[in-house]
Amino acid sequence: MHDGSSPIGDSAPWPALREAAAAEDRGAPIAASVDRLLASGELDAEEPRALAAALVAVAECNLPLARLAEGHVNAIRLVRHFGGTVRPGLHGVWGADADAPCTEQDGRLRGTKRFASGLGTVARALVTVGEGDTVRLAAIDASDPARHRPAAWDMLGMRATVSGEIVLDGLRPEWLGGPGDYLGEPRFVGGVWRIAALQLGGTLGLLGAARDRLAAMGRMDADAQVARLAPLVARAMAAFGLVERAAETEMCPGGTNDPDRAVMLSIQARLLTEDLAQDAVAATERAIGLQHFAAGCETGRRARDLATYCRQAARDAFEQRAGRIALGRGPLSELWHG
């Protein structure tokens with residue numbers, strides 16, 4: 001049985017985060033895992049490959065926690081980029097509007113955000129205000145429970161994130177950047193490599209749980225099981241390289257100099273890891289069989305979380321955008337090397 005340790009560092013909190021995931025799915029607060037992860041310093045990595053590896057490792061242990069971690073990393077980078085003040089506690093980025101776009105009038109916000117992950121855990125959130133090319137980014141105090149509507153999240157997966165709606169009416173925003181600045185590349189779409197990192201980590205966590213389950217059942221030595229799972233592990237290792245390359249391109253000067261290439265690499269990493277994740281879910285169902293769907297089965301919980309997380313917005317539009325960038329250039333090998 002794998003002990004959940006990570007090659008990143010012996011002091012990393014991975015085993016504890018992995019052990020907490022099942023209880024958090026049943027309703028235990030995720031705040032303790034958030035505090036443990038923030039205290040570890042793993043999310044403070046500034047080197048792109050190290051940050052990508054940390055996000056993959058968190059997602060491999062605990063995908064709902066990784067969803068909150070990714071939002072925190074994104075928010076902190078945005079606050080620093082726009083010259084804002086980084087405050088204590090978990091940060092998040094909430095962009096989805098419930099009905100109409102969030103607006104501002106006389107210095108106060110009006111509207112409701114949905115799919116807001118981390119209600120009750122996120123202390124400060126960045127929210128989008130307006131729509132289209134003039135959308136703005138505002139920082140708000142997200143800690144008032146009277147504004148939270150967690151019952152609005154009725155999904156079967158990612159329940160531990162405590163997601164839902166938040167009512168913004170009357171809040172005074174702290175503006176970050178001007179109209180349209182939030183959409184600047186390579187930070188905006190170019191940053192979806194972080195989503196790819198979580199999809200990859202969630203996939204590795206699911207495959208590891210399937211291996212452990214099969215070993216406990218005395219079925220891991222079967223040739224059919226090895227043939228079912230091993231090719232997915234190989235594809236995951238290849239995808240790891242693309243995620244790291246996309247992270248390097250977006251976070252380093254190469255991304256600023258060639259934002260289209262950063263966008264293309266990040267989208268391709270997201271699409272590749274989404275396809276890999278869905279194939280891993282299907283392979284795990286076949287490998288474990290009916291027990292996979294039993295209440296409390298770890299592979300079942302991980303598969304539900306992963307399938308839910310992979311349903312990110314605008315897949316078709318992203319696929320077209322990345323394809324047109326890639327096919328509209330010269331030698332294709334330069335897409336990798338720059």
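Guide: A residue is called buried when its relative accessible area is under 20%, exposed when over 50%, and partly exposed in between, with a 1.4 Å probe and protein chains only. The model is predicted, so local features need pLDDT of at least 70 and side-chain atom pairs count only at pLDDT 80 or more, while totals for chains, interfaces and linings use all residues. Residues are numbered from 1 along each chain as its sequence is written, and side-chain values use heavy atoms, leaving out hydrogens and water.

Helices here are DSSP runs of H or I with at least four residues, strands are runs of E with at least two, and both are numbered from the N terminus.

Within H1, the buried residues are Trp14, Leu17, Arg18, Ala20, Ala21, Glu24 and Asp25. In an α-helix there are 3.6 residues a turn, so residues three or four places apart point the same way. The cover over the buried residues of H1 includes helices H2 (31-40), H3 (48-61), H4 (63-81), H5 (193-216) and H9 (298-309). After H1 comes Gly27, which has a positive phi, near 120 degrees.

As for the setting, the chain has eleven helices and nine strands. Buried residues make up 51% of its 338 residues. Its C-alpha trace spans about 65 × 55 × 35 Å along the principal axes.

Notes:
Contact means heavy atoms within 4.5 Å.
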